[in-house]
Each structure stands twice: as C-alpha cells, then as structure tokens.
Amino acid sequence: MKPVRIVGGGLTGILAAFQAHRLGARQIELHERLDRLGGVALPKLENGREMREGCIYFGPEGDPIRTLLEEHGAIFEDFDNRFGSVSPGAYGPVYLDDFGGPALPATKTDLQPLSGNSLGDRLDCYEDALAFPLARYVRWHVGCAPSKLHADAAIPLAINRVFPTGIPLDTLSASKRADGHANELFGIPRSMWNYSSNVQASLPVGGFTSLIDKCREALDAIGVEVNERSLARPNKLLSEIAPDEVLVWAASPMPLFKAVGLEAPKAPAKKFATYTFEVDWTGAKPFYVQNFTTDGSCFRVYIYESRGATLLTAECVAETESDELAKDIRFLLDGFEGELKICDQLYRSIKPRWLYHTVDTVNKLGELRTALGARLGDNFVAGAWEAYAKGAKFAEVEADLQKAFGVRMIAKAS
Ligand SMILES: Cc1cc2nc3c(=O)[nH]c(=O)nc-3n(C[C@H](O)[C@H](O)[C@H](O)COP(=O)(O)OP(=O)(O)OC[C@H]3O[C@@H](n4cnc5c(N)ncnc54)[C@H](O)[C@@H]3O)c2cc1C
C-alpha cells in the first residue's frame, strides 16, 4: 500500500488521515505548521470557554463525517437545529424563523438560465426584485461586485437559496419539484413544507477542543505519524516525494503556485471582525441569525453554550464600536423569541477569510491542480480547496484518495 503524506492538520487533514487508514494505508504522516492540530475548527479558549468564530456543526447520526469521527472515539450530542434570518422588507425588516437565507418579495418563479460561473451570473437568473437586493448584500458583505466572485460563494454568503415571498407556497413548491434549477435557487422555510433533513444537528461533547484532542489520540492509536510545528515547504517537498507516495495538500494552496511556476491569485484583502460576548439569553440555544438587510455591520450572530456559559459570537463585515455592535445584535435578535442581556466582551479577532473565492481564484486553482496532476498523477490529492462546507470537502478528498489507491468503492462506515 502506498505511503501517504498529508500537509495541514485542520479537519480536512485529520479526516484524510482517517480515510487513508480506512482504505488500507498504514504508513501515514501528517504535518501541521502550528503546535496543535485543528485549524480553523479549533477555537481560542478564554477561561476554558470556546471562542467560536463561526457556527460550525455536524449533521445528525449517519452524517459521514460524524460517523468516521465516532469510529475514532469522538462523541456527539444532537440538538434541535434552530436558526433564522432578517431580510429587507418594504415596511421594515422581515424576520423569518426556520430559514437561514434571504426572504425577498418576488412575483414569479420564472428564472433565466445560468449564463456563466460568476456569482453575478447566478444572481442574474432572478428577477430584478431579487437580484438587486442580493447584489447590494454581496457588496456590503464581501466588498466587491458579485461578478468578481465565483457562483459557489453563494454558499458561505448564505444566499444559495432565496425564499421568494409573495408567491403562493403551492406554486413555489410545485416549481421546486418540477425544475432542478428552481430547486437550486429557491428555498422555502422548512416548517412551511415539512422539510426535515436538517431539523437535528450535532456538536462534539466537550466542544471542538475535546474533539481535536480525541482525534489526536486516535491518530496516535492507528499509527499515524503526527508532526506538529512542521511547516511543509512546497519546493523541498515536491523534490523529495517518492514516486509511489500519495501527497494530500490539506492546507492553504497559495505557496504551491510559485513552486510549480504559476501566478498565484490575489489573497483576499478584506478583513472581517468577530466578537464574542458572554450573554444571558432565554431563547433557543444553539441558535443563529443571518442578516441580509445590509443595516449595521453584523452579518450573523451565533448563540451557543460552552462550559456552562452562554456565549454569543457576532461576525461583522468590519470593525465596529461596542455601542453600535450591541445595537446591531439586539436588532437581529429582536424578531425572535427570547430575552437578551449582553455581558462582558471576551474575545475579538480581525482577519481575512478564505471562504469567498473569486472566479480568478477558482480558475487558477484549476490550473494548479492540473500542473500538480501532471507531475504526480493520481498521487496528488488537493484538500478540496474550493469547497466551503466540510461535507463537500470530505466527499471530494474521499473520491481523490480512492483514485490514488485505485479503489472504486470503499466500505460504508458501520
Ligand atoms: C468562520 C468560518 C465558518 C465556517 N462555518 C462552516 C459551517 O457552518 N459549516 C461547514 O460545513 N463549514 C464551515 N466552515 C468551513 C469549515 O470550517 C472548513 O471546511 C474546515 O474546518 C476547514 O478545514 P481545513 O482542514 O480544510 O482547513 P483549515 O482548518 O484552515 O486547516 C489547514 C491547516 O493547515 C495548516 N497549514 C497551513 N499551511 C501549512 C503548511 N505549509 N505546512 C503545514 N501545515 C500548514 C494550518 O495551520 C491549518 O491548521 C467555516 C469556516 C470558517 C473559517
């Protein structure tokens, strides 16, 4: 069985090690540049409490990622998956329970066909009454025109499905059932049409810190050689990799461009601000609300529990003064059941996010894959660089590993 070298010890790299082991690999090395595994899924701790910078969670029992992690000792607890959104309306904000996307007034279910791969092309499928406020939201959130971004940026922006208000539910659901394009672009709050697949979700017992610790133990137990504080240098690595060795690059692909003589895409300049507060909240927990109004600066609030405390993370499009931020948070939660008291601010971070890819980035990542494929063949596995959601990353890495090992199907986790 081929040896495997994995670069990057975030969730993708950890899962790739478990997946490679499941496929039969027994000589697996994992290299992480920092002194701990976990990547963006590992929150900073304040007095033992997790300062989560986004609302990452897992699916209910049977979710393939959860199943694989459970096989390696992780324990999950289910919760009622509660969320909502606030959208701009003609007479003020529209609060919607059970729907995490925008709700905008529309008159028809007709859609234009998709004419290209940019987010602008995707928005052009809608009538103007939907396309214009969505474009305004994209500019507010990411700071650039939708035409610059790849269409898949709709997912991290939470605008992959829009609820067109004003259309009778029967008409809308019939259109979703009959037409794949409409199903892809329109959504309906789950309680309005008995959609139940995301009613339950799960989080690791003891939080993400405990999950990563469990993974670290499990990697040792199955004989994976974990190297922390081990920064992989592309030039050196590509020159020393053995012909039969599988290389999984589950880290930022940016340094690879120079190593293969390609021009790298521009790194995102825009920075996002994240604040975590201790709060009293009488409503549902965990709970998140997405903001599509473009009012204020907060695009999402997430309320969760960590070590007996209730915490609220506010993700913002820019740095925000505390009085303004408190106003934004109250505005977003105003339309939902629950009383909020904001206590101490515990954490603040300001940084760019590798989430909203431009068309140029996605094109250049394609060229990079081709160049590395030409050099290493099927033994090169890109760590699903473009995908946003863990599930999509997991499926892509699994398919590429199967190809590297010449396996067509792997046994389903029991
Ligand atoms: C704010 C935020 C919110 C999110 N929300 C969701 C969500 O709700 N649902 C969902 O499914 N997904 C969500 N995601 C995406 C999800 O978190 C990611 O898919 C997943 O955690 C990313 O894991 P990763 O291992 O691919 O990358 P990372 O976690 O970034 O890991 C990469 C690792 O590689 C290391 N590294 C980098 N360069 C090198 C090198 N040269 N040598 C060695 N090591 C290196 C880094 O230190 C890091 O540990 C979110 C992401 C963010 C940032």
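This briefing describes the overall form of one protein chain and then several of its residues.

The structure is a predicted model, in which local features need pLDDT of at least 70, side-chain atom pairs count only at pLDDT 80 or more, and totals for chains, interfaces and linings use all residues. Residues are numbered from 1 along each chain as its sequence is written, and side-chain values use heavy atoms, with hydrogens and water left out. The chain contains twelve helices and 18 strands; helices (H or I, at least four residues) and strands (E, at least two) are DSSP runs, numbered from the N terminus. Its radius of gyration is 22 Å, close to the 22 Å that the globule rule gives for 414 residues, so the chain is as compact as a globular protein of that length. The radius of gyration is taken over C-alpha atoms, and the globule rule is 2.2 Å times the number of residues to the power 0.38.

**Overall form and surface**

- Along the principal axes, the C-alpha atoms of the chain fill a box of roughly 65 × 50 × 40 Å.
- Of the 414 residues in the chain, 53% are buried; buried means under 20% relative accessible area, exposed over 50%, and partly exposed in between (1.4 Å probe, protein chains only).
- The chain exposes about 18,900 Å², and carbon and sulfur atoms supply 49% of this area. Accessible areas come from the Shrake-Rupley method with a 1.4 Å probe, and for residues only the protein chains shown count as cover.
- Among contacts between residues at least 6 apart in sequence, 72% join residues at least 24 apart; contact means heavy atoms within 4.5 Å.
- The chain has 46 positive and 54 negative charges, and their mean positions are 4 Å apart. Lys and Arg count as positive and Asp and Glu as negative, while His and the chain ends are not counted. The place of a charge is taken as NZ of Lys, CZ of Arg, CG of Asp or CD of Glu.

**Domains**

- The chain is divided into domain 1 (4-43 + 206-260 + 356-404), domain 2 (101-185) and domain 3 (271-351); these bounds come from an automatic or database domain assignment.
- A distance of 26 Å separates the C-alpha centres of domain 2 and domain 3.
- Eleven residues of domain 3 are in contact with nine residues of domain 2.

**Backbone features in loops**

- The peptide bond from Lys-285 to Pro-286 is cis, with omega near -10°. Pro-286 is located in the loop between strand E13 (272-281) and strand E14 (287-291).
- Thr-294 has a phi near 65°, a positive value in a residue other than glycine. This residue is found in the loop between E14 and strand E15 (298-306).
- Ala-384 has a phi near 50°, also a positive value in a residue other than glycine. Ala-384 lies in the loop between E18 and helix H12 (390-404), and it is buried, with a relative accessible area of 0%.

**Residues and their surroundings**

- Asn-379 is placed in the loop between helix H11 (359-376) and strand E18 (380-382). With a relative accessibility of 8%, Asn-379 counts as buried. Not counting residues up to four places away in sequence, Asn-379 touches Lys-2, Pro-243, Asp-244, Glu-245, Val-246, Leu-247 and Ala-404.
- Tyr-288 belongs to strand E14 and counts as buried at 13% relative accessibility. Although Tyr-288 and Phe-83 are 205 residues apart along the chain, their C-alpha atoms are separated by 4.8 Å. Beyond its neighbours within four places in sequence, Tyr-288 has contacts that include Cys-55, Tyr-57, Arg-82 and Phe-83.
- Leu-69 sits in helix H2 (residues 64-71), and its relative accessibility of 1% makes it buried. Setting aside residues up to four places away in sequence, Leu-69 touches Leu-15, Phe-18, Phe-58, Ala-74, Phe-76, Leu-211 and Cys-215.
- Arg-49 lies in strand E4 (residues 49-51) and is partly exposed, with a relative accessible area of 23%. Its partners outside four places in sequence include Lys-44, Glu-278, Ser-306 and Arg-307.
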